[in-house]
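Thanks for making the time this morning.

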Amino acid sequence: MQNVMIVGAGKGGTAILKLLNETEVLNVQVVIDRNFDAPGIVLAQSEGIKTGIDWKPYLNEQIDIIIEVTGNEHVFQELRSTKDKKTVLIPGSVAFLLAKLLEEKEELIVKHQNASYQQELIFNATNDGMLVIDPKGIVILFNRMAEEMTGVKRGQAIGKNVIDVIPESRLPFILETRRIEKNQEMTLGNGRKIITTRIPIIEENGTLIGAFAVFKDITEVVNLAEEITDLKEIQTMLQAIIHSSDDAISVVDENGRGLLINPAYTRLTGLTKERVIGHPATADISEGESMHMKVLQTRRAVRGVPMRVGANKREVIVNVAPIIVEGKLKGSVGVIHDMSEIKSLNRELNRARQIIRTLEAKYTFEDIIGSSEEMTLAIEQAKLGAKTPATVLLRGESGTGKELFAHAIHNASDRKYNKFIRVNCAAISETLLESELFGYEEGAFSGAKRGGKRGFFEEANNGSIFLDEIGELSANTQAKLLRVLQENEIIRVGGTKPIPINVRIIAATHVNLEKGIAKGSFREDLYYRLNRMPIHIPPLRNRKEEIPVLCERLIQKINRDYGRNVEGVAQAALLKLMNYDWPGNVRELENILGRAMIFMNYYETLINIHHLPELRKKTGTEPQVSDVSESIQQDRSLTAMVEEYESEIIQQSLQRFNGNKTAAAKALGLSVRNLYYKLEKYKLENNSMQ
């Protein structure tokens, strides 16, 4: 850098000093002025530049340029005559002009740098890849998106031949032909699909200075187009399905305006698209309120609502559900069923149900809910009994689910594909029961059918027959049933010829057969035939912990039967159910839940305490007068008789729970410790079942 001496530190000298310091092209070595307080002197001193009042001592070989800005011709001439030949003397006006030019040069350089930086920002900010080559095919521009799409870094691309960077590139061909190629599809080496436009760069005089390529990644666009195509196919398919459905379907938007109907809707209501599409949802209703509008207001589906639609006031049943997409209500869809068709189907269904009810078992062991020790034991015994041909006797209180067990036993046996006949012995009069069970011959009695009739046992041949309330059989019918169990054959009423049968008998009773034997109302030999595999089904009060699960299953069943949408039982109501003794067992529980659901509003989803009827909990069972009188002896004290009675009750409880002292104590309302105390007191510990 050349050294400069400025002679004159007035306004002109100060300005030149500032310009030279800013441009940093020349090095100001010394500033000279006779006035030591001149502004140029002060500025030079602040910048650490030498200052003086005489230029002669500084005129040596180190000064390359002298700038004279005093404006004194005599000083200029003296400097010119004294300076060395190598030293350049510049008048102040010329120096100022040069300084201005240098300043403008620096400004132009800064502007050029800013413009280049802005261009680079623009190139890198765009979502399109950009690539420029010179006339020799060398890459001179490669933006960020080009890096991302090709997988080649900018530093590896700049200065390389474009074929080395992108082997598939057609830019060399563009240089040769000078033709523009627009929107050309291309697949890069990494599998990306792009759309590219290639343009030659030609100056106004026709000189080719390179070529330019802009390309866009269309991989996502292609995938999106494929998804749109799939959606259109799905839409077409859904429309075809809706239009081919025999059920009348109507769809409305979130404002209740018609969007879509199918031909079945037009056939049923007599209304065309022109009268429904774009019109309010009430356009098709003759009698009743719009279920579409109700569903849009409540956002809840409705099922089985009767109404009349169309000009002919067609009687229909309507099911309507809301259309909710990502939590937003978009409309509702309704399916309309013609009542005349439904009534016909109901008649057929009732006939089918009657047949199924007598021929098939509906339930399996999966339908039996039970996790208590007693219930688990009963289920395991029933599963074991299902695998044998032995007669099963189901014992338990009314409503505990004996018929459910009978169904499950049949379905788990090797006879499940044959008939399952159910007979309630208490529901058929004694005069008819024998002929219903065993059949009758022609002319056996007045009113008998011509050709006779097969009985339930013959119908159930190779299958199973469920005899409920077996304790209600008359003595004569008991004798005939005993013959069936012993000989595997029957004789029809009025007949003499035995008919062999292969029937698995499942009997059930809630009465005490042992007492019936003692009273003579039930045959002892029949009892031993039936009691080959007894299964005791515990009452609900002994397995209250299963009530929540039972409620859940029963509510599902009642929802199907009543067309409701109840979700469960509130905690407070559940506690109330758990505190009840349930003398009617599971049947009573189902009755209570069904009654509660009937009186619930359609918008309510949980059974609460106010839905339940009053449930009176029993405080205990008082002894019968006859039982007390039998234990009274004139020669014994009251305390002795009470203790004897207490001892008998404890023994019966232990036998009932198979020696389970914890269960017995719970049933008696005693602590386990208190029960052990009483066992020791009455010397029952060794006699009790362990």
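How many bridges join β6 to strand β7 (residues 139-142)? There are three, and the two strands run antiparallel, where pairing requires that DSSP finds at least two bridges between the strands. A word on the source: this is a predicted model, in which local features need pLDDT of at least 70, side-chain atom pairs count only at pLDDT 80 or more, and totals for chains, interfaces and linings use all residues. Residues are numbered from 1 along each chain as its sequence is written, and side-chain values use heavy atoms, with hydrogens and water left out.

Strands here are DSSP runs of E, at least two residues, and helices are runs of H or I, at least four, numbered from the N terminus. Five residues separate β6 from β7 in their hairpin, and Gly137 in the turn has a positive phi of about 85 degrees. Within β7, Phe142 is the bridge partner of Leu131. β6 also pairs with strand β10 (residues 208-217), in the antiparallel sense and over five bridges, with Ala211 of β10 as the partner of Ile133.

Five of the five residues of β6 (residues 129-133) are buried, so the strand is largely enclosed by the rest of the structure; buried means under 20% relative accessible area with a 1.4 Å probe, protein chains only. Gly129, Leu131 and Ile133 point one way, Met130 and Val132 the other.

Turning to helix α12 (residues 291-298), the buried residues are Met291, His292, Val295 and Leu296. Just after α12, Arg299 takes a positive phi of about 60 degrees.

Conventions
Buried means under 20% relative accessible area, exposed over 50%, partly exposed in between (1.4 Å probe, protein chains only).
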